Amino acid sequence: MTRGLNKVMLIGRLGQEPEMRYTPAGRPLTNLQVAVNRSWKSSDGEKKTETEWFNIVAWGKLAEICNQYLSKGQQVYIEGRLHTRQWQDDEGNNHSSVEVIAQEMLMLDSKSGEQDTELSEGLPSEDEYPF
């Protein structure tokens, strides 16, 4: 049997306030946009910076926590997996979007000034892993 790995780890800042809503079945989900900067020096020594934007989706209790505790400009660590969502618009055009499905979130700075608050949903604690 072959195993696969789909894991993403990001540190960046929220570009807007979290947007929380509920599915028709009542399950909470929160959308976040996280900007991650990358800096380097060009061959002529000039400092360059590039910003990559990531769409993050948190579900369940993690969605509620993200909505309650995160705000625009805040630095966060997000761990999750990539997911490609596909849909068709009203004119029949196909669209796709790559999202990060959040499984863990760590606030690196917070509204209340607390540091390093870690929150995750449904993940076993270290002592529950079988290895």
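A: Glu 79 is a place to start: this residue is found in strand E5. Keep in mind that the model is predicted.

Q: Is Glu 79 buried or exposed?
A: Glu 79 counts as buried, because its relative accessibility is 15% and the cut-off for buried is under 20%.

Q: Which side chain does Glu 79 make a polar contact with?
A: The side chain of Lys 7, with a polar contact of 3.2 Å.

Q: Stepping back, what does the chain have in the way of helices and strands?
A: There is one helix, and there are seven strands. Along the sequence the order reads β-β-β-β-α-β-β-β.

Q: How much of the chain is buried?
A: Buried residues account for 31% of the 131 residues.

Q: On to pockets. What volume does the largest pocket have?
A: About 230 Å³.

Q: How many residues line the largest pocket, and which lie nearest its centre?
A: The lining has 15 residues, and those nearest the centre are Arg 21, Asn 31, Val 57, Arg 85 and Glu 99.

Q: Which strands supply at least two residues each to that lining?
A: Strand E2 (19-22), strand E3 (28-41), strand E4 (47-59), strand E5 (75-88) and strand E6 (94-107).

Q: And the lining of the largest pocket by class? What does it have?
A: Six nonpolar residues, five polar and four charged.

Q: Why is Glu 99 classed as buried?
A: Because its relative accessible area is 8%, and buried means under 20%.

Q: What does the Glu 99 side chain have a polar contact with?
A: With the side chain of Arg 85, at 2.9 Å. Both Glu 99 and Arg 85 are among the residues nearest the centre of the largest pocket.

Q: Staying in strand E6, where is Met 105, and is Met 105 buried or exposed?
A: Met 105 also sits in strand E6. Met 105 is buried, at a relative accessible area of 0%.

Q: How far is Met 105 from Cys 66?
A: Their C-alpha atoms are separated by 8.0 Å, and the two residues are 39 apart along the chain.

Q: What about Gln 103?
A: Gln 103 is in strand E6 as well. With a relative accessible area of 31%, Gln 103 is partly exposed, because partly exposed runs between the 20% limit for buried and the 50% limit for exposed.

Q: What lies over the face of Trp 40, then?
A: Arg 38, at 4.1 Å from the ring centre.

Q: Last one, Glu 19. Where is Glu 19?
A: Glu 19 is in strand E2. Its relative accessibility is 44%, so Glu 19 counts as partly exposed.

Q: And how far is Glu 19 from Leu 29?
A: The C-alpha atoms are 8.3 Å apart, for residues that are ten apart along the chain.

Note on methods: Residues numbered from 1 in each chain as written. Predicted model: local features only at pLDDT ≥ 70, side-chain atom pairs only at ≥ 80, totals over all residues. Heavy atoms only, no water. 1 Å grid on protein atoms, 1.4 Å probe; cavity = no way out; pocket = protein on both sides within 12 Å on 5 of 7 lines; lining within 4 Å. Points joined across faces, edges and corners; volume = space filled by probe spheres on them. Helix = DSSP H or I, 4+ residues; strand = E, 2+ residues; numbered from the N terminus. Nonpolar A, V, L, I, M, F, W, Y, C, P; charged D, E, K, R; others polar. Lys NZ or Arg CZ within 6 Å of the ring centre and 35° of its normal. Buried < 20%, exposed > 50% of the residue type's maximum accessible area, 1.4 Å probe, protein only. Polar contact = N/O pair within 3.5 Å; in protein donor to acceptor, adjacent residues only side chain to side chain.
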